[in-house]
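Me: I've got a model open and I'd like to learn how to read it feature by feature. Can we start with how two helices pack?
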Amino acid sequence: MATLLRLLGRRLAALPFMLLGVTIMVFIVLSVIPADRATAVLGENASEEAKDAFREARGLNDSLLIQFLRYLGGVIRLDFGYTNPPEESVASKIASAFPVTLQLTMLGILLAVVLALVLGVTSALYRDRWPDQLIRVFSIAAIATPSFWLAILLIQWLALPAGSIFPTGGLAWAEQYGFVGWLYSMALPALALGIPVSASLIRVVRTSMVEELDRDYVRTAIGNGVPYRTVVARNVLRNALVTPVTVLGLRVGYLLGGAVVIEKIFSLNGMGDLIIVGLNTSDTNLVQGAVLTIAVAFVLVNILVDVLYVLINPRIRTV
């Protein structure tokens with residue numbers, strides 16, 4: 001427990017600096033995009049006087065440093081400014097969109113973890129036999145399948161046929177049928193997002209399990225009469241999960257980024273919709289707020305992964 005608390009304390013102490021770095025990077029990247037917000041809002045036929053007045057009113061003529069300090073002050077207050085006319089609070093739009101992305105990402109993670117554990121462990125226990133070979137083929141095919149293409153295939157195979165229980169997109173069924181409708185609405189997007197991630201995790205779980213199964217303590221425990229299943233469940237699986245957890249933490253960024261594309265395909269009004277609308281309308285406030293929210297979520301998830309290291313294997317000491 002002491003090690004866990006020290007680790008959590010270090011990560012939380014470093015969190016403000018990481019968030020500041022993310023904020024600076026997001027602001028700089030979006031500031032150099034060759035897009036004129038005044039032209040996007042007023043139209044190309046607007047006069048230069050009107051455009052200059054728009055930029056002056058919103059502080060777009062100030063130096064980048066002044067703009068960043070103003071933006072940073074707003075971020076600290078959770079105020080990301082307002083969208084292009086009709087002006088709406090960016091924070092309120094994120095508050096309504098982020099739960100959709102979070103739900104999709106969490107379902108994708110859950111699906112990927114369940115598939116990786118079941119198939120990865122099975123592959124390791126039956127290594128070099130037909131279940132192992134079959135699972136290897138599946139994992140290679142899934143790794144090579146882009147999530148957006150898989151999403152289109154799932155719509156064609158499972159949503160478009162007559163009598164299908166899955167909608168082609170949106171959350172209308174969730175509003176009509178409650179939790180069951182929500183599951184049906186999110187099932188195909190979660191499959192499209194989680195299957196490619198599960199494929200890479202399957203290979204990592206299998207490799208880690210095989211390495212642990214070949215260690216001396218496994219043979220010693222079995223030789224002393226401990227049932228094979230008990231050794232696998234209590235020792236081998238726990239020790240083998242350290243590396244997959246590391247990979248899963250790194251893949252969360254892919255899941256969040258992939259959710260942006262999957263949301264658009266399935267007409268889910270999440271963060272992906274905000275980012276695409278913001279880019280199409282040169283709404284830098286909207287894009288900055290959405291990208292920063294996703295980046296912060298990624299940082300927080302990786303802190304959680306660091307904590308899981310200690311919970312899975314107390315021998316780990318993170319400097």
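Me: Which residues in H11 and H13 meet each other?

Reply: This is a predicted model, so take the contacts as computed ones. To read a packing contact, list who touches whom on each side. On the H11 side you have Val242, Val245, Thr246, Gly249, Leu250, Val252, Gly253, Leu256 and Val260. They meet Ile294, Ala297, Phe298, Val301, Asn302, Val305, Leu308, Tyr309 and Ile312 in H13. Sort that contact by class and you get 14 nonpolar, four polar and no charged residues.

Me: How do the axes of H11 and H13 cross?

Reply: Look at distance and angle together. H11 covers residues 242–265, and its axis comes within 9 Å of the H13 axis, with a crossing of roughly 165 degrees. Angles over 145 count as roughly antiparallel, so that is what H11 is to H13. As for handedness, the crossing of H11 and H13 is right-handed.

Me: Where does H8 meet H11?

Reply: From H8 (residues 172–213), the contact takes in Pro189, Ala192, Leu193, Pro196, Val197, Ser200, Leu201, Val204, Val205 and Ser208. Their partners in H11 are Thr243, Pro244, Val247, Leu248, Arg251, Tyr254, Leu255, Gly258, Ala259 and Ile262. The class count for H8 with H11 is 15 nonpolar, four polar and one charged.

Me: And at what angle do H8 and H11 pack?

Reply: About 165 degrees, with their axes 10 Å apart. H8 and H11 are therefore roughly antiparallel to each other, and their crossing is right-handed.

Me: What about H5 and H6: how do they lie relative to each other?

Reply: Here the angle tells another story. H5 (residues 90–125) and H6 (residues 130–143) have axes that come within 8 Å and cross at roughly 140 degrees. That makes H5 and H6 oblique to each other, and the crossing is left-handed.

Me: Which residues in H5 and H6 meet?

Reply: Leu119, Thr122 and Ser123 of H5 meet Asp132, Ile135 and Phe138 of H6. That contact splits into three nonpolar, two polar and one charged.

Me: Last topic: pockets. What's the general idea?

Reply: Rolling a probe the size of a water molecule over the atoms shows where empty space is left. In this structure, the largest pocket holds about 720 Å³ of space.

Me: Which residues lie nearest the centre of the largest pocket?

Reply: Arg37, Leu60, Gln67, Thr284 and Asn285, out of 27 lining residues. By class, that lining has nine nonpolar, 10 polar and eight charged residues.

Me: Which helix supplies the largest share of that lining?

Reply: H4, with five residues. Helices that each give at least two residues to the lining are H1 (2–31), H4 (64–76) and H13 (284–312).

Definitions and conventions:
Residues numbered from 1 in each chain as written. Predicted model: local features only at pLDDT ≥ 70, side-chain atom pairs only at ≥ 80, totals over all residues. Heavy atoms only, no water. 1 Å grid on protein atoms, 1.4 Å probe; cavity = no way out; pocket = protein on both sides within 12 Å on 5 of 7 lines; lining within 4 Å. Points joined across faces, edges and corners; volume = space filled by probe spheres on them. Helix = DSSP H or I, 4+ residues; strand = E, 2+ residues; numbered from the N terminus. Nonpolar A, V, L, I, M, F, W, Y, C, P; charged D, E, K, R; others polar. Axes fitted to C-alpha atoms, helices over the stretch in contact; angles between N-to-C directions. Parallel < 35°, antiparallel > 145°, perpendicular 65-115°, else oblique. Left-handed = near helix turned anticlockwise from the far one by under 90°. Contact = heavy atoms within 4.5 Å.
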